[in-house]
Amino acid sequence: MGLTAAAAAPAAGGGFSASAAGATGSTGSTGSTGSDPLAFDKDGYTTETKTVSTGDGDRKVTYRLYKGVVYVARPVDTKYQSLNVSVPVEIDGRAVDATGAPILLANRIGGYLSSSVTSDSGPGGPGGPGGPGTPGGMVSNADWGLASGYVVVEPGARGRDLVAPDGTYDGVAPAAIVDLKAAVRYLRHNQGRVPGDTDRIVSSGTSAGGALSALLGASGDSPLYEPYLRELGAADASDAIFAGGGWCPIADLEHADMAYEWMFGGSALSSGEVVDQTVSKRLSTAFADYQASLRLRGKRGFGPLTARTYADYLLKTYLQPAATRHLTALPDADRTAYLGKNAWITWSGGVAAFAWEDFLAHVGRKKNVPAFDSFDLSAPENNLFGFGTTKARHFTPYSLRHTTGDDGARLDRDLPRTLALMNPMHFIRHPGPGRARHWWLRVGTSDTDTSLTVLGNLAAGLENLGDDVNALMYWDAGHGANQDPDAFMRWIGEVTGYRR
């Protein structure tokens, strides 16, 4: 059965209706003033106070909260197509002027599910910045941004779980990225009315939210999204952002099965079961073709990144440095104990070293095969690429052909375009002038939700374009880890040139 290594370039036409269900859900605040339905109401806030725990201790922050601001003129559902704006006015008793501060656009999207900032329920969780409702208990950067003196914007967005009264799945791809772009356009449209510097928007997100954050930065001002944005009544403004932050991004979905088998194909599941090796090897072989097509080169003169060289690249560039940082930070007794339990790691001269096979045995495997385009259409990503009243579809030729038994089966006509619209790698391979130029990328070394090559390719692709990329991995950390939010806040100040 044949495999396609890369999605075709998208056509200009549709396949997705932004307003299939009409405007539903909670009303929210439109923020309109005068004849402009998308004008931000500067007086529509409440004053709130919270204590934020940071790396420098607890900080008491007083801030203005603009809650549930609808960011499009023709919303499908205002419960999700709304945003919160939090503006610090006092930190630890000292007045703060955030007029020219960077804007941290912190999404709370997990699992490509819907995210709302207008209620205290649902995947998005509480309405204020951060909080225990963030997906999977993942750390939110919103509170940290507020305590750092930045303007924090939390956008809601539609997701794959939404079903309209007529049975239409109206939050499937590319709804989430269209909504995030509309939120950015709303902010830029309101330059001078929204507090903060709309030319210094920095996005952040984790898991699916991390993938969407990277996609938002890579696809800035792409005309491919214009029909969807126009249908929603998005502001006629730029959707380019200044910098993008992504934690464990679940991205490059049409090639994720291939990448997963390249990395974990020989690893057993936690049950001890070994996955179907025929399927695994076919997908792993296809990864080699895909990786070669990217023509990426590793940093510091490593050379071409291929299926044959990638393990060595991950070891030298990310994994062994991550282990070294972790072990160096441990007290002597704890380091000795850790090395005693992990004899596969060599510790010499303050540097950790180990073999790729031993590392894989250490982390194990989480998902069955295929990991993303499941044969039985049960994976979240199958739902993400649903269409109309169809809940889930195959989005890779391999799974489609394996399931149907038809070696000539082809994906639905809209899918190549939709896949490209959801994949930051498409816009790295075909870069536009609106691309962000500063990047913060993180993942845990024990994150087995997707292959580590996903972050590796994102970072290498952006580095090859000449962008400023700060990428590293957290040793032994799992999915959703965010171990250095204080460093991310300092980085925002450095790349934006902001000092308060």
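The model is predicted, so to speak of local features a pLDDT of at least 70 is needed, side-chain atom pairs count only at pLDDT 80 or more, and totals for chains, interfaces and linings use all residues. Residues are numbered from 1 along each chain as its sequence is written, and side-chain values use heavy atoms, leaving out hydrogens and water.

Let's start inside. A nonpolar core is a set of buried Ala, Val, Leu, Ile, Met, Phe, Trp, Tyr and Cys residues joined through side-chain atoms within 4.5 Å. Buried means under 20% relative accessible area, exposed over 50%, and partly exposed in between (1.4 Å probe, protein chains only). The largest core here has 145 residues, and W356 and F359 touch the most other members. Helix α7 (residues 310-329) gives this core its largest share, ten residues.

Now for charges. Side chains of opposite charge can pair when their charged atoms come close. The whole structure holds 19 salt bridges (a side-chain nitrogen of Lys or Arg within 4 Å of a carboxyl oxygen of Asp or Glu). Here are three of them:

| Pair | Closest N and O atoms |
|---|---|
| R365 and E261 | 2.6 Å |
| D332 and R335 | 3.0 Å |
| R490 and D486 | 3.9 Å |

R365 and E261 sit 104 residues apart, so their pair links distant parts of the chain. R365 is buried at 4% relative accessible area, and E261 is buried at 2%. D332 and R335 both lie in helix α8 (residues 332-341), about one turn apart; D332 is exposed at 55%, while R335 is buried at 14%.

How values were computed: Helix = DSSP H or I, 4+ residues; strand = E, 2+ residues; numbered from the N terminus.
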